[in-house]
Structure formats: structure tokens, C-alpha cells
Amino acid sequence: MRKNGIIVWFMLASLMIGCSTTPPSTGPAVVFVTPTPTPTSPLAADALFMDISQQAGIRFKHQAPVDDPAIWGTGAAFADYDRDGHLDFYLTNRVGPNILYHNDGDGTFTDVAPLAGVAAPDDDSAGVTFADYDNDGWRDLYLLNFGPNRLFHNNGDGTFSDVTATAGVGDPGRGTSAAWGDYDGDGFLDLYVANHVGCRDYTDERACFDDHYPEVNRDRLYHNNGDGAFTDVTGLLGPTQTLGAGFAVCFFDYNNDSRPDIYLVNDRKFATGDLDIVPDAKLAALSFMPRHNMLWRNDGPDGSGGWNFREVSIAAGVDSSVFGMGLAVGDYDNDNWLDLYFSDIGPATLLRNRGNGTFEDVTHQAGAGHGLGGEKAMSWGAVFFDYDNNGWLDLYLGAMGLQNETTVLFHNNGDGTFADVSATSGAADNRGTRTVAVADFDGDGFLDLFVVNYGQPAALYRNLARAGDHHWLALELVGRRSNRDGIGAKVRLTTADGLTQMRELHSGDSLGAGSDLTVHFGLGRNDRATQLEIVWPSGIRQTLTNVPADQRLVVTETGE
């Protein structure tokens with residue numbers, strides 16, 4: 001439902017029950033905002049989405065080197081970096097300057113990257129993500145490169161400063177994706193960097209792989225010291241487990257023990273039998289260190305000042321050996337357990353969380369691995385999102401390969417299965433999509449899509465809100481004892497029809513992407529949430545009841 005703009009302030013005391021502490025005295029803990037939708041172009045006749053890139057002033061065409069057979073390296077991330085109430089976004093190039101599109105608030109965007117100090121024109125860039133690593137209320141920017149990565153600190157005045165050297169996070173590998181999460185619960189976001197194979201001449205295996213160049217291939221886990229600097233603690237994850245061709249990563253609590261675990265999607269080893277899938281002679285010569293996907297269970301403090309992670313992918317049933325490239329994490333079946341979906345050459349894979357520490361492959365029965373055109377189809381970034389606000393998470397899958405595949409939109413039927421609605425989606429892009437990011441950029445309550453196509457124009461797909469009778473709620477979380485962004489918080493929403501949904505706020509899904517850090521719920525035809533519970537990373541719980549729909553809530557963590 002779309003409404004005219006009005007801002008209504010409510011004190012939390014009239015709405016909250018069962019909180020762990022009393023609300024702070026520095027202002028309201030919950031702000032209800034009914035947004036004014038951004039003006040956009042006229043709606044199309046039948047499609048679910050419409051490409052409005054040109055109307056929005058988005059002229060971005062991804063630039064890539066012509067002599068690199070490894071055709072990946074894209075990124076897109078959303079954040080209101082200047083806190084003017086409108087979502088902006090950052091795009092990466094492998095050649096030439098990167099782009100920071102400032103949302104002008106009238107449906108158009110303007111590139112301000114040079115003015116903001118984040119163009120990085122000499123970098124070979126890939127993934128990107130926004131997060132407030134120093135808890136000052138301004139989202140900072142982490143840029144992954146083929147070469148040293150960069151951390152840009154948000155100065156709060158529309159500009160950024162490169163603090164990579166001071167922070168100690170300039171990993172020199174071939175960065176693909178990054179994820180933020182507070183693994184030790186100290187209130188500061190830690191950082192995982194996924195690296196692919198770090199060399200340029202793929203025919204020279206001895207220069208690229210195994211014992212001859214191991215460290216540049218290694219992923220990195222950085223602990224946030226809370227003083228602006230980070231410490232490399234990759235060793236916590238084991239001596240060899242972080243070696244491989246990493247593509248996508250996410251912190252998420254798979255076993256509901258309130259500690260963020262880590263899942264990593266790896267690109268598997270090419271073998272002789274793969275030559276029909278990857279005919280390029282240079283790519284076929286690759287000999288990636290064979291690493292299946294990894295799951296590190298967070299077991300907490302080790303009792304002597306350190307931290308325990310245990311690699312449990314085999315025991316959990318998530319040790320897939322695939323050409324893994326993208327990752328989506330979400331509770332698609334609304335059973336309160338987070339599930340996994342990752343891309344591949346051939347059908348993608350959907351792993352359902354059984355709730356007992358293990359997962360089962362339900363791709364076939366769910367109908368979530370089809371629609372790409374066969375065993376040689378190649379898929380990339382993937383996201384869960386509820387595009388029609390019916391309360392069930394749908395799937396969008398980026399695609400590019402040998403058969404001119406288009407991106408795929410799967411509608412969640414609410415019974416454990418998905419329907420391929422790509423033909424009528426209006427967002428079936430066939431230009432080689434790598435990165436997919438999600439945000440409600442125009443504030444109308446319906447989630448939009450942004451796709452980055454390798455070496456081709458990008459696209460902003462506006463959700464046309466065909467399910468206009470469906471309601472929604474959106475939450476911006478403001479941590480106090482927890483990290484400022486609230487990453488790792490779990491939010492459970494119950495409606496009068498008995499449905500309970502769970503969202504965990506996380507950073508690092510898709511591929512090289514940073515979707516908006518707003519927690520979004522579709523409510524279907526329910527005009528309110530009967531109960532809304534937030535469990536912060538600190539353990540503090542806040543509960544709201546009888547919350548009207550079609551609002552954006554800014555919720556501040558209670559307690560000191």
C-alpha cells in the first residue's frame with residue numbers, strides 16, 4: 001500500500017512488553033515513519049518489475065579487461081551513506097573508476113564518487129559492502145580488489161578517507177566477496193574476506209596454485225579491535241580450510257545458539273571431465289585447490305582468551321563440491337531455521353535446515369534448481385527476498401553461461417515449493433548477470449532489484465507492486481550494546497493469520513554484494529503485526545505488539 005508522507009513519533013513505552021531493560025533516556029527507542037515514495041516512471045502493463053535505469057540516470061556499463069579469461073569481478077552495495085533518508089549505492093569496475101550513485105530524492109541518481117573520494121580509478125575492483133565498523137553512526141565502505149583491498153571511513157560530511165593501512169585490512173588477494181559479523185559479541189563488527197585464485201596467467205599453474213602461491217589464495221578473517229584497527233585471526237579457522245577459490249560468504253546462526261557461524265561457497269576444482277563445460281583452454285588449465293563449501297560452527301570462547309571455530313560442513317551435510325559462485329541465506333519455509341541456496345554450473349542447490357544441526361538437499365522437490373536451460377547453465381549471485389509481500393521469501397538468481405541464460409525469478413508457493421515466473425517478471429536479464437542486490441530504493445514498501453552484468457550495462461529493476469493489497473513492515477536497527485548496524489539480530493514477526501516469520505540481519509549474501517541493511521517483512525493482507533520480537537546480538541530482547549503495517553520503524557536497542 002502506498003501512502004502520502006507523514007512522520008509519527010511514538011514512545012516505546014506504549015508498545016513494548018517483555019524488554020530486558022528500560023528504554024534509554026536519549027530519545028524514543030522506536031520511530032515510526034510512513035515513507036513518501038520516490039517519483040518514478042509510469043508502470044508497465046503486466047510485468048512484475050521494470051528496468052528504470054535510463055529514467056533514473058544510471059548510465060553505468062561495467063568495464064572489464066579484454067585479456068582475462070576469468071570473467072568475474074563485479075560488485076554493488078546499498079546504503080544511505082549521507083543519512084539524508086534516501087538509499088544510495090556503489091558499483092565497481094575492473095577497469096577505470098568505480099561509481100557512487102547519490103540518490104537525489106526525485107527518482108534520479110548522480111555519480112559523486114570522485115567528490116566523495118571513493119572512485120579508486122586504478123583498482124581492479126570486485127565486491128563491495130557497507131557497514132559501520134567503528135559504531136559512529138555512519139556506514140563505511142569496504143572495497144575488494146584484485147590486489148590490495150581498501151577500507152574507506154565515512155567522515156560524516158559526504159566524503160570518505162582511505163584508512164586501509166591503519167586498519168590493517170588491505171588483503172592483497174583476488175577479493176570476491178566480504179561479510180561483516182560480530183563473531184565474539186564484543187559489539188564491533190569483524191570481517192571475513194573471500195579470495196579466489198590470485199594470479200593472472202592461468203596457464204602457469206606453478207605460479208598460481210598449491211605451495212607456490214598459497215597465501216594470496218587464502219581467505220581472511222579479521223577481528224575488529226574496537227580502536228579502528230583489525231587483527232588477522234584467520235588461523236582460528238584451521239591451517240588449510242581457508243585455502244581455495246572462495247566466491248561468497250556469510251555470517252549466520254544456523255543452529256540458533258546465538259553465535260554467528262560462517263558459511264563459505266567455493267569454486268571447485270576443474271577436472272578433465274569438465275572440459276565440455278568450460279571449453280576455454282586457459283580456464284580448463286586451472287587446477288584450483290579442491291575445496292568443498294565450508295561451514296565453521298562458532299563454539300565460543302576457548303577459556304584462555306581465544307575463540308573456537310569448528311569446521312563441520314561434512315557433519316552438517318553442506319560440504320557440496322560445486323562450481324559455487326553465489327549464496328543466499330534465509331528462512332524460506334518459515335520454520336525459524338535459516339536455509340542455504342547457492343549457485344553452480346548446472347542446477348543451483350537449495351539446502352533446507354532440519355533444525356538439528358544438519359541440512360537436506362531439497363532442490364528437486366522444491367523446484368528451485370530449474371529454469372536455467374540445462375546442465376551447462378551457469379548461475380552467479382542469488383538473493384532471498386519477498387517481492388510480493390505475501391510473507392514467503394522468493395528467490396532471484398543471476399545467470400550467465402554458454403546457453404544465453406536469463407536471470408531467474410522463483411515465486412515461493414508457501415508449501416515448500418517454488419514456481420519459475422521469469423517469463424513474466426520483467427527482470428529476466430540475459431546480459432551476463434554476476435551480482436544481485438536488493439533494496440527498496442524508492443521507499444514504497446516493495447523490494448527492488450539491482451543487477452550488475454559483466455562487461456555490460458547494469459540494471460535497476462523497480463518492483464511494480466502488482467500485489468498492491470499486500471502490506472509490509474521495514475525495520476532499521478540501531479544497536480547500542482550490540483554493533484551499531486544490528487548485524488546478527490534476529491527479528492520474528494507474527495500476524496493474525498498465525499504465520500510467524502524470522503529474519504536475521506546479515507551482510508554478505510549474493511556475490512560481491514551488499515543489499516540494504518533494512519529488515520523487511522511482507523504481511524500479506526494483514527494490516528498489522530500482532531507481535532514483533534527483536535533479539536539483538538547482545539542478547540537483549542525487545543517486543544512490540546499490535547504494530548500497524550506499511551511503516552518503516554527505526555528501532556534503537558535498549559539498555560546500556
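This is a short tour of a predicted model, one selection at a time.

**Before you start**

Residues are numbered from 1 along each chain as its sequence is written. Because the model is predicted, local features need pLDDT of at least 70, side-chain atom pairs count only at pLDDT 80 or more, and totals for chains, interfaces and linings use all residues, while side-chain values use heavy atoms, with hydrogens and water left out.

Strands carry numbers here. Helices (H or I, at least four residues) and strands (E, at least two) are DSSP runs, numbered from the N terminus. Two strands pair if DSSP finds at least two bridges between them.

**Stop 1: strand β10**

Select residues 140-145. This is strand β10, and 6 of its 6 residues are buried. Buried means under 20% relative accessible area, exposed means over 50%, and partly exposed lies in between (1.4 Å probe, protein chains only).

In a regular strand the side chains alternate between the two faces of the sheet. Which residues of β10 sit on each side? Asp140, Tyr142 and Leu144 are on one side, and Leu141, Leu143 and Asn145 are on the other. Both faces are covered.

Click Val128: its bridge partner in β10 is Leu143.

Leu141 stands opposite Phe152 in β11. A hairpin through 1 residue joins β10 to β11.

**Stop 2: a sheet with β4 at its edge**

Select β4 (49-51) and β29 (433-439). They belong to an open sheet of 4 strands in the order β4-β31-β30-β29, with antiparallel pairing. β4 and β29 are the edge strands, and each pairs on one side only. On average, neighbouring strands of this sheet are turned by 25 degrees against each other, direction ignored. Axes are lines fitted to C-alpha atoms, for helices over the stretch in contact, and angles run from 0 to 180 degrees between N-to-C directions.

Find Val436: its bridge partner in β30 is Val451.

**Stop 3: Trp380**

Select Trp380. It is found in strand β25 (residues 379-385). Is Trp380 buried or exposed? It counts as buried, at 2% relative accessibility. Then select Leu397. Trp380 and Leu397 are 17 residues apart in sequence and 6.9 Å apart in space, C-alpha to C-alpha.

**Stop 4: the sheet from β17 to β20**

Select β17 (245-252) and β20 (307-311). They are part of an open sheet of 4 strands, with the order β17-β18-β19-β20 and antiparallel pairing. Both are edge strands: each pairs on one side only. β19 and β20 run antiparallel, joined by 5 bridges. Trp296 has Glu311 in β20 as its bridge partner.

**Stop 5**

Most residues other than glycine have a negative phi, and most peptide bonds are trans. Now select Asn256, in the loop between β17 and β18 (261-267). Asn256 is not a glycine, yet its phi is positive, about 55 degrees. It is partly exposed, with a relative accessible area of 23%.

Ser258 is in the loop between β17 and β18 too. Its phi is positive, about 70 degrees, although Ser258 is not a glycine. Ser258 is exposed, with a relative accessible area of 58%.

**Stop 6: the second largest pocket**

Rolling a probe the size of a water molecule over the atoms shows where empty space is left. On a 1 Å grid over the protein atoms alone, a pocket is an open set of points where a 1.4 Å probe fits, with protein on both sides within 12 Å along at least five of seven lines; lining residues have an atom within 4 Å of a point.

Select Ser258, Arg259, Pro260, Gly488 and Pro537. Of the 28 residues that line the second largest pocket, these lie nearest its centre. The elements giving two or more residues to this lining are β17 and β33 (490-494). The lining draws at least three residues from each of domain 1 (49-463) and domain 2 (471-556). Those bounds come from an automatic or database domain assignment.

**Last stop: Thr495**

Select Thr495, in the loop between β33 and β34 (500-504). Thr495 is buried, with a relative accessible area of 3%. Finish with Asn526: it is 31 residues from Thr495 in sequence and 6.6 Å away in space, C-alpha to C-alpha.
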